[in-house]
Amino acid sequence: MTTTASTTQTEPVGLSTDHSQAVQDGAHSHGVGGTPQGSRAERITSFDPAVITEPTGREEEWRFSPVKRLAPLFSTTLGSAGVRTTVVDAPEVTVEIVGRDDERLGRAGVPGDRTAVTAWNAFDEATVVTIPAEAVASDVTSVRIEGLSDEPTATHLLIQAERHSESVVVIDHVGSATLTETVEIVVEDGAHLTVVSVQDWSAGAVHASSHRARIGRDAKLKHVVVTFGGDVVRVTPDAEFTGTGGEVEMVGLYFADADQHQEHRLFVDHAVPSCKSRVTYKGALQGEGAHTVWVGDVLIRTEAEGTDTYELNRNLVLSDGARADSVPNLEIETGLIEGAGHASATGRFDDEQLFYLQARGIPETDARRLVVRGFFAELIQEIGVPSVEERLLESIEAELAKSMSVIEGR
């Protein structure tokens, strides 16, 4: 069973498209110019850049992407001097700088697109963050990736949560860079790990980030992506279950301004029985040329009986000239599951909500702020890292101030 939906309309936010039973046979394609895509399991993956060639923009994987702006990251001769990585680790956590021949690298999955394979082949050294077995980290571990130049650069980070450990790791991207990045996440049996990746780049930054996660038996991963800054940001998290009883929660927030492109493509691979996944992404966008893309792929393989999965994407369009693309895809190869579904909606402000607030004496600008805060509030609280939550609220206020200044000056 395969279900798919694409949403670019700008109806009120309360109007959604929810597909949990629709069936399509054979290959499917979306929009104009894309090539047909079969099962998500058929996507080519390889560590060899000769196998995953440079995209043209017509491929399903790249049809929404500004390929010309990402082209510097397709090269096989990337440098390593464009960013600096600094780690402030919790007392229980160990941090190492290792060569690319370290046997722990490459275990979390295989590159699945051009920027992922060039990132894998270009790095000389990797940063490895390890939470030892049975350890419970007493503080957040912070990884700061700071852009130093616009030289096309590759970097590699491995986060390894050993058996029955617990930890929170925050990855913070700041400055300006042209970066393709690999983040490997290995969650061993019984471990509980939260990874938060914040893309808060300066204007002009170009960033492609491949997150590949493996989740062991009875392990839990909370994976959070927050995107505000940069010119082009493309984050592609993949999660694969390797043992029964695993759980993954994937949370995303994004806010795009004029001419920004923010793209999030997720893949959850239910390859073993009795695992659970929840995906919730919300985004807002404003300004001429603002473009957000969310693609959520979930594959329930034949052997993955007892799967419980659901994915949700919501987009709030704050001005004319902005576009949101939302494509949830669900493939089911067995009927012996607990549940599976997805929902997607894109819309403008609900005029009824604004009228309700304004009728009670709240000025329009304040009413709009309240609606946007309410749109994001529940998801922000789910992050579970107070410092990140406070920073997000400040960033949303800054973005809203831009929007309100346009409205007040019209």
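User: What does Ser-138 touch, not counting residues up to four places away in sequence?

Analyst: Ser-138 touches Pro-91 and Glu-92. Contact here means heavy atoms within 4.5 Å. This is a predicted model, where local features need pLDDT of at least 70 and side-chain atom pairs count only at pLDDT 80 or more, while totals for chains, interfaces and linings use all residues. Residues are numbered from 1 along each chain as its sequence is written, and side-chain values use heavy atoms, leaving out hydrogens and water.

User: Why is Ser-138 called exposed?

Analyst: The labels go by relative accessible area: buried is under 20%, exposed is over 50%, and partly exposed is in between (1.4 Å probe, protein chains only). Ser-138 has 57% relative accessibility, so it counts as exposed. You'll find Ser-138 in the loop between strand 6 and strand 7. Helices (H or I, at least four residues) and strands (E, at least two) are DSSP runs numbered from the N terminus.

User: And what makes Glu-134 exposed, but Ser-274 partly exposed?

Analyst: Glu-134 has 53% relative accessibility, so it goes down as exposed. Ser-274 has a relative accessible area of 42%, so it is partly exposed. Glu-134 lies in the loop between strand 6 (125-131) and strand 7 (141-147), and Ser-274 in the loop between strand 16 (261-270) and strand 17 (276-285).

User: What is the phi of Glu-134, and what is the phi of Ser-274?

Analyst: Most residues other than glycine have a negative phi. Glu-134 isn't a glycine, yet its phi is positive, about 70°. Ser-274 isn't one either, and its phi is positive too, near 60°.

User: How do you know that helix 2 is mostly covered?

Analyst: Count the buried residues: helix 2 (residues 114-122) has nine residues, and eight of them are buried. Among them are Arg-114, Val-117 and Trp-120. What covers the buried residues includes strand 8 (152-161), strand 10 (178-187) and strand 12 (206-215).

User: Why are helix 3 and helix 4 called oblique to each other?

Analyst: Helix 3 (residues 351-358) and helix 4 (residues 364-383) pack at an angle of about 125°, their axes 9 Å apart. Those axes are lines fitted to C-alpha atoms, for helices over the stretch in contact, and angles run from 0 to 180 degrees between N-to-C directions. Under 35 degrees counts as roughly parallel, over 145 as roughly antiparallel, 65 to 115 as roughly perpendicular, and the rest as oblique. Helix 3 and helix 4 are therefore oblique.

User: Which residues of helix 3 and helix 4 meet?

Analyst: Helix 3 brings Gln-353, Leu-354, Leu-357 and Gln-358, and helix 4 brings Glu-364, Ala-367, Arg-368, Leu-370 and Val-371. By class, that contact has five nonpolar, two polar and two charged residues. Nonpolar covers Ala, Val, Leu, Ile, Met, Phe, Trp, Tyr, Cys and Pro; charged covers Asp, Glu, Lys and Arg; the others, Gly among them, are polar.

User: What makes a group of residues a nonpolar core?

Analyst: A nonpolar core is a set of buried Ala, Val, Leu, Ile, Met, Phe, Trp, Tyr and Cys residues joined through side-chain atoms within 4.5 Å. The largest one has 49 residues, and Ile-159, Ile-185 and Leu-221 are among those with the most contacts inside it. Apart from that core lies another of 28 residues, including Val-226 and Phe-349.
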